[in-house]
Each structure stands twice: as C-alpha cells, then as structure tokens.
Amino acid sequence: MVPIVSEAELSELDKKVLNVVQDELPLVPHPFAALAEKVGMDEKEFLAHLMHLKERGYLRRFGAFFNSKALGYNGSLIAIRAAEDKIADVAQAINSYPGVTHNYERIGEYNLWFTLQISSDASRKKILDEIKGLPGVEKLMDLESEKSYKVRVQFHIQ
C-alpha cells in the first residue's frame with residue numbers, strides 16, 4: 001500500500017519533475033535527458049530525483065500503457081474483504097502475482113481492491129483460488145472487465 005503523502009512536502013524542483021514526467025515520454029535515444037533538460041537538470045540527476053520521489057511515495061509506477069485486450073489479456077477488478085490485522089500481509093502477497101498492476105485499501109465491506117491482467121481464464125482461476133486461501137482473506141469478488149475505459153489523468157502540481 002502506498003503511504004499517504006502531502007503536496008505541501010514537495011519542493012519547487014519536486015513539483016517541476018513530477019509535472020514534466022507526466023507528459024509524453026519523448027521517443028529519442030535518451031528520453032530522460034530530454035525531460036531533465038526541461039527542468040534544468042542532467043539525466044543522472046533527473047533519474048536520481050525520480051527515485052527519491054518514488055521512495056517518498058510520490059510515484060507509484062512509471063511505465064507505458066498498452067492495449068491489454070489487443071495483446072490477449074483480460075482484466076478484472078478484484079474486491080477482497082480481509083481481516084483488518086491482515087490487510088498489509090494480504091496486499092504484499094497479492095503484489096507478488098504477475099498480472100497485478102496495483103492494489104489499494106478502501107473503507108467498506110470489501111476493504112482491499114486490486115486489478116489483475118491475465119491471458120487465460122485458467123490462470124485467473126488459479127491465482128484467485130490461491131488468493132482466496134491466503135490467511136486473512138474472508139471474501140473475494142471478481143469483477144471481470146466487459147469494456148475498457150482509458151482516461152488520461154494528469155495532476156498539475158503547483
């Protein structure tokens with residue numbers, strides 16, 4: 001689970017780096033050097049700064065988005081009711097499975113949610129059966145994707 005972070009803790013340089021990294025990654029031999037130049041840094045400093053922001057919890061993931069359906073994958077949103085004292089352990093175990101993109105804690109009957117991208121129904125069933133058997137998992141609901149919605153979200157940090 002991602003720690004709660006505050007925008008108030010960000011320096012002006014932090015904000016510039018976070019804003020520029022949300023734009024399109026340039027298709028050039030050294031894309032991070034191109035981004036670094038936009039904020040007045042060199043590539044090595046920029047990459048170190050990204051790692052620092054990730055360690056502090058401001059970046060969860062950095063990567064491309066692919067059309068998973070076109071690549072033969074089906075997605076599911078999975079809701080779990082986990083024992084309160086086991087949520088962190090269950091989340092950590094879930095994160096070890098290939099195809100899990102992220103998970104998050106929520107308030108309500110189902111208190112841990114995650115997404116799963118998998119290439120076969122048999123693999124999904126095997127993974128979900130294993131997760132159902134984890135200590136602390138009380139209930140699991142599989143909400144298989146019927147339609148994909150891709151929304152571009154950018155947070156303009158000031």
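Colleague: Which side chain makes a polar contact with the side chain of Asn103?

Modeller: A polar contact is a pair of N or O atoms within 3.5 Å; within protein, one must be able to donate a hydrogen and the other to accept it, and residues adjacent in sequence count only if both atoms are side-chain atoms. Besides the side-chain contact at 2.6 Å, a polar atom of the Asn103 side chain lies 3.3 Å from the backbone oxygen of Ala91.

Colleague: Good to know! What pLDDT do local features need?

Modeller: Residues are numbered from 1 along each chain as its sequence is written, and side-chain values use heavy atoms, with hydrogens and water left out. This is a predicted model, where totals for chains, interfaces and linings use all residues, side-chain atom pairs count only at pLDDT 80 or more, and local features need pLDDT of at least 70.

Colleague: Is Asn103 buried or exposed?

Modeller: Asn103 sits in strand 2 (residues 100-105); helices (H or I, at least four residues) and strands (E, at least two) are DSSP runs, numbered from the N terminus. Buried means under 20% relative accessible area, exposed over 50% and partly exposed in between, with a 1.4 Å probe and protein chains only. Since its relative accessibility is 9%, Asn103 counts as buried.

Colleague: Which residue of strand 3 does Asn103 stand opposite?

Modeller: Two strands pair if DSSP finds at least two bridges between them, and strand 2 is joined to strand 3 by four, running antiparallel. They form a hairpin with six residues between them, and Gly108 in the turn has a positive phi of about 135°. Across from Asn103 stands Phe114.

Colleague: Which strands stand at the edges of the sheet?

Modeller: The sheet is open, with four antiparallel strands in the order 2-3-1-4. The edge strands each have a single partner, so one side of each lacks a neighbour in the sheet; these are strand 2 and strand 4 (137-144).

Colleague: How many bridges pair strand 1 with strand 4?

Modeller: Strand 1 covers residues 74-82 and pairs with strand 4 in the antiparallel sense. One of the bridges puts Ile78 with Asp142 of strand 4. The number of bridges is seven.

Colleague: What angle does helix 4 make with strand 2?

Modeller: Helix 4 (residues 87-95) packs on the sheet, touching strand 1, strand 2, strand 3 (112-118) and strand 4; contact means heavy atoms within 4.5 Å. Axes are lines fitted to C-alpha atoms, for helices over the stretch in contact, and angles run from 0 to 180 degrees between N-to-C directions. The angle between helix 4 and strand 2 is about 170°.

Colleague: How many residues of strand 3 are buried?

Modeller: Strand 3 pairs with strand 1 over seven bridges, and helix 5 (residues 121-132) lies across strand 1, strand 3 and strand 4. Strand 3 is largely enclosed by the rest of the structure, because its buried residues number six of the seven.

Colleague: Which residues form the aromatic pair?

Modeller: Rings of Phe, Tyr and Trp (its six-membered ring) pair if their centres lie within 6.5 Å; planes under 30 degrees apart count as stacked, over 60 as edge-to-face and the rest as tilted. The structure holds one such pair, tilted, at 6.4 Å centre to centre with 40° between the planes. One partner lies in helix 2 (residues 31-38) and the other in helix 3 (residues 43-55), so the pair ties together parts that are 14 residues apart in sequence. The partners are Phe32 and Phe46.
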